[in-house]
Amino acid sequence: IEEPPSYAVIILITTNQEAFLPTILSRCVQMKLKPLKDFTIKSYLTQNLHIAEKDADICAAFARGNLGKAIHLASSDEFRELFQKVMVLVKNVGTMDISMLLDCIREMKEQNFDIGEVLDLMQLWYRDVLMFKVTKDMNLLIFKDDYKMINETGEKVDYAGLEAILAAIDTARTRLNANVNMELAMELLLLTMKHPS
């Protein structure tokens with residue numbers, strides 16, 4: 001970095017520029033990169049990788065502006081399996097008994113699912129429920145194909161219940177980051193999802 005060769009361009013990427021010494025930063029040209037818009041990522045996935053539009057919607061929303069992550073998700077069998085399991089869970093949590101919920105948690109642990117991704121998907125689902133409850137506009141949904149189920153969930157759960165579920169997802173994330181037992185944290189979350197009010 002002090003005396004780079006004339007033919008080279010060195011790119012340093014960070015989310016925290018304070019991690020670099022001032023002597024290094026003084027030799028750098030800073031470029032602040034913003035997350036890409038969801039429609040830009042979706043367009044790339046559908047046009048360049050020929051991903052189905054509904055899958056591209058989900059990957060774009062889940063990637064939160066990171067094209068590389070979206071490409072990875074679109075081609076990942078592990079993410080596809082995780083996605084399917086979480087969708088079964090959020091769609092049926094109200095009718096599942098405690099033993100079935102505990103089985104789901106054990107399965108997540110045995111299959112070594114990324115619990116952060118599980119929570120992100122749950123958050124996106126309930127975001128859609130809340131969005132549709134407020135606007136009744138299915139064009140604003142991420143899970144457009146499931147708008148009937150999203151509408152049904154919104155009719156069963158009031159605003160306070162949805163707020164409680166979204167808060168419980170955040171609480172579960174905080175607990176897991178603090179190394180609380182995963183099964184306990186997820187059990188408390190699923191019980192809130194089952195009985196939100």
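A: Arg173 counts as partly exposed, because its relative accessibility is 23%; buried means under 20% relative accessible area, exposed means over 50%, and partly exposed lies in between, with a 1.4 Å probe and protein chains only. The model is a predicted one, in which local features need pLDDT of at least 70 and side-chain atom pairs count only at pLDDT 80 or more, while totals for chains, interfaces and linings use all residues. Residues are numbered from 1 along each chain as its sequence is written, and side-chain values use heavy atoms, with hydrogens and water left out.

Arg173 sits in helix α9, residues 159-177. Helices here are DSSP runs of H or I with at least four residues, strands are runs of E with at least two, and both are numbered from the N terminus. Once neighbours within four places in sequence are set aside, the contacts of Arg173 are Gly116, Leu119, Asp120 and Gln123, where contact means heavy atoms within 4.5 Å. For Leu119, the C-alpha to C-alpha distance from Arg173 is 7.3 Å, although the two residues are 54 apart in sequence.

Asp120, one of the contacts of Arg173, belongs to helix α7, residues 115-135. Asp120 counts as buried because its relative accessible area is 13%. With neighbours within four places again left aside, Asp120 touches Phe62, Arg64 and Arg173.

Next come the salt bridges. The structure has 12 of them, a salt bridge being a side-chain nitrogen of Lys or Arg within 4 Å of a carboxyl oxygen of Asp or Glu. One of them pairs Asp57 with Lys42, with 3.3 Å between the closest N and O atoms. This pair links distant parts of the chain, since Asp57 is in helix α3 (residues 53-63) and Lys42 is in helix α2 (residues 38-48), 15 residues apart. Asp57 and Lys42 are both buried.

A second salt bridge joins the side chains of Arg80 and Asp77, at 2.7 Å from N to O. Both residues lie in helix α5 (residues 77-92) and are three residues apart, about one turn of the helix. Arg80 is partly exposed because its relative accessible area is 37%, whereas Asp77, at 53% relative accessibility, counts as exposed.

Helix α5 also supplies Lys85 to another salt bridge, this one with Glu107, and here the closest N and O atoms are 2.4 Å apart. Glu107 lies in helix α6 (residues 98-110), so the pair ties together parts that are 22 residues apart in sequence. Lys85 is partly exposed at a relative accessible area of 33%, and Glu107 is partly exposed at 30%. Elsewhere, salt bridges that share partners join Lys42, Glu53, Asp57 and Lys144 into one network.

Two further places lie toward the start of the chain. Gln30 is in the loop between α1 and α2 and is partly exposed, with a relative accessible area of 44%. Leaving out neighbours within four places in sequence, Gln30 contacts Gln17 and Leu25. Ile1 comes in the segment before α1 (22-25) and counts as partly exposed at 45% relative accessibility. Together with Ile10 and Leu12, Ile1 makes a nonpolar surface patch of about 250 Å². Patches consist of residues with over 30% relative accessible area and no salt bridge; like charges are joined within 9 Å, and nonpolar side chains (Val, Leu, Ile, Met, Phe, Trp, Tyr) within 5 Å.

As for the whole chain, its secondary structure comes to 10 helices and zero strands. The C-alpha trace spans about 65 × 40 × 30 Å along its principal axes. Of the 197 residues, 35% are buried. Among contacts with a separation of 6 or more, 61% are between residues 24 or more positions apart. The accessible surface is about 12,500 Å², and carbon and sulfur atoms account for 54% of that surface; such areas come from the Shrake-Rupley method with a 1.4 Å probe, and for residues only the protein chains shown count as cover.
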